[in-house]
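Let's take a walk through this protein together, one stop at a time. Have the structure open and follow along.

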Amino acid sequence: MSPSAVSESTALVAAGDEETRVLLRGLLRLHHIRVVGEAEGAHQAIELIRQTSPTVVVSDVNLVDGTYTDLLEAARGSNPPPRVILVVPGSRPHAASDGLLRPDVILQRPFRIRQFAEALGVAVAESPSA
């Protein structure tokens, strides 16, 4: 993703936990991506995808209602489809990569800022703290 593409990018954040939404929103803003909506569940996120047409959807696997597969299916059905990043717990294997419907990136918690930037497709300068 080029620097100009990043500045034109918009994102939707979906997570059942408010702290996770705050974290993801902050990381997106750090990378100059405008957050156009937040949802705690799949149903609300699906409606926001229809209303806002984000270029990126960042979703935690834990949602208040619905499932990440519902959200992924809706994202894939939108035109143009957004890049979908799914955040999953790193403590146990997750089935998010099984089946035919897959996110663009599966990001395991805990992750580094560099890994988040790479998931977004943002070029990151070499830095030991990233």
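Start at Ala11, which sits in strand β1, the stretch covering residues 10-14. Keep in mind that you're looking at a predicted model. Is Ala11 buried or exposed? Its relative accessibility is 0%, and buried means under 20%, so Ala11 counts as buried.

Who are its neighbours? Leaving aside residues up to four places away in sequence, Ala11 touches Leu28, Ile33, Arg34, Val35, Val36, Gly37, Pro54 and Val56. Now look for Glu38: 27 residues separate Ala11 and Glu38 in sequence, and their C-alpha atoms are 8.9 Å apart in space.

When two helices pack, we describe them by the angle between their axes and how far apart the axes are. Here, α2 (residues 18-30) and α5 (residues 113-120) pack at about 70°, and their axes are 11 Å apart. Angles from 65 to 115 degrees count as roughly perpendicular, so that's the label for α2 and α5.

Which residues do the meeting?

How many aromatic pairs does the model have? The count is one. Phe116 pairs with Phe111, their ring centres 5.9 Å apart and their planes at 20°, and the pair is stacked. Both of these Phe residues, Phe111 and Phe116, are buried.

Note on methods
Residues are numbered from 1 along each chain as its sequence is written. This is a predicted model: local features need pLDDT of at least 70, side-chain atom pairs count only at pLDDT 80 or more; totals for chains, interfaces and linings use all residues. Side-chain values use heavy atoms; hydrogens and water are left out. Rings of Phe, Tyr and Trp (its six-membered ring) pair if their centres lie within 6.5 Å; planes under 30 degrees apart count as stacked, over 60 as edge-to-face and the rest as tilted. Buried means under 20% relative accessible area, exposed over 50%, partly exposed in between (1.4 Å probe, protein chains only). Helices (H or I, at least four residues) and strands (E, at least two) are DSSP runs, numbered from the N terminus. Contact means heavy atoms within 4.5 Å. Axes are lines fitted to C-alpha atoms, for helices over the stretch in contact, and angles run from 0 to 180 degrees between N-to-C directions. Angles under 35 degrees count as roughly parallel, over 145 as roughly antiparallel, 65 to 115 as roughly perpendicular and the rest as oblique.
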